[in-house]
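Please keep the sequence and the structure in view while reading.

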Amino acid sequence: MNNIKGFIFDLDGTLVTSSLDFLAIKAEIGCPADVDALMYIAQLPTEKERQETMDIIHFHEMRDAQSCDWIPGARAFVTECEARALPMAIVTRNSQRSSKVKLEKNNVPIQWLLTREDSIPKPDPTALLDIARGFELPVDQIMMVGDYRYDLEAGRNAGMPSCLVNFSVEPVYVSLADYSFKDFNQFHPHMFFQFLIHTYLHVAPPLSI
């Protein structure tokens with residue numbers, strides 16, 4: 001991980017909590033449980049149907065945005081990235097409005113946000129590649145961090161290393177990740193190990209004999 005010089009994060013379930021029940025929402029809009037909701041909406045026959053169905057999604061997202069909080073360990077990780085001047089961005093399949101509510105509510109200090117209105121949703125790599133150009137970094141020096149397969153697939157499609165975080169039991173798609181940690185509290189020292197050792201050697205008192 002020593003060559004990583006920038007991060008792209010997913011939002012829900014990665015940096016902040018989410019109470020969205022995707023199976024219930026899919027049932028409400030008539031989407032089969034094994035079909036991606038955004039793809040289902042895109043294939044609806046009329047603009048009126050697509051808008052009405054997206055309005056349902058948006059309602060649930062906005063309600064969820066009011067109750068979200070930082071995922072344990074995520075704030076400290078982001079703060080570390082800030083301290084080391086590592087560029088950061090967020091790519092989410094959520095709406096821009098609900099995402100901004102989540103960022104503002106929790107004072108998330110990441111300015112670059114790409115939502116489903118801004119780019120083709122993950123696992124398409126377009127948003128990630130656009131950010132890499134903005135970072136002015138090669139893709140292999142940027143890590144995609146997320147909690148679901150779309151994040152890992154997007155990273156792989158973009159040629160970026162990916163990291164799966166925030167799980168209690170390894171999901172079936174863990175093999176898509178280059179790195180996996182149960183939470184940010186495990187990820188943090190692994191990512192910044194050299195920095196922590198360097199700090200310790202410079203501030204630790206000398207050993208007494």
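## Terms and basis

A salt bridge is a side-chain nitrogen of Lys or Arg within 4 Å of a carboxyl oxygen of Asp or Glu. The model is predicted: local features need pLDDT of at least 70, side-chain atom pairs count only at pLDDT 80 or more, and totals for chains, interfaces and linings use all residues. Residues are numbered from 1 along each chain as its sequence is written, and side-chain values use heavy atoms, with hydrogens and water left out.

## Salt bridges at lysine 102

The structure holds ten salt bridges. In one of them, the side chains of aspartate 64 and lysine 102 meet at 2.5 Å, N to O. This pair links distant parts of the chain, since aspartate 64 lies in helix 3 and lysine 102 in helix 5, 38 residues apart. Helices (H or I, at least four residues) and strands (E, at least two) are DSSP runs, numbered from the N terminus.

Lysine 102 also forms a salt bridge with aspartate 12, the closest N and O atoms being 2.6 Å apart. Aspartate 12 lies in the loop between strand 1 and helix 1 (22-29) and lysine 102 in helix 5 (residues 96-105), so the pair ties together parts that are 90 residues apart in sequence.

The relative accessible area of lysine 102 is 0%, and aspartate 12 counts as buried at 11%.

## Other salt bridges

Arginine 50 and glutamate 47 form a salt bridge with closest N and O atoms 3.3 Å apart. Both lie in helix 3 (residues 47-65), three residues apart, about one turn of the helix. Arginine 50 is partly exposed at 25%, and glutamate 47 is partly exposed at 49%. A network of salt bridges links Asp10, Lys122 and Asp151.

## Nonpolar cores

A nonpolar core is a set of buried Ala, Val, Leu, Ile, Met, Phe, Trp, Tyr and Cys residues joined through side-chain atoms within 4.5 Å. The largest has 29 residues, and those with the most contacts inside it are Phe7, Phe9, Leu15, Phe184 and Phe187. Helix 4 gives the most to this core, with four residues. Apart from this core lies another, of 15 residues, among them Ile8, Ile131, Ile142 and Met144.

Terms used. Buried < 20%, exposed > 50% of the residue type's maximum accessible area, 1.4 Å probe, protein only.
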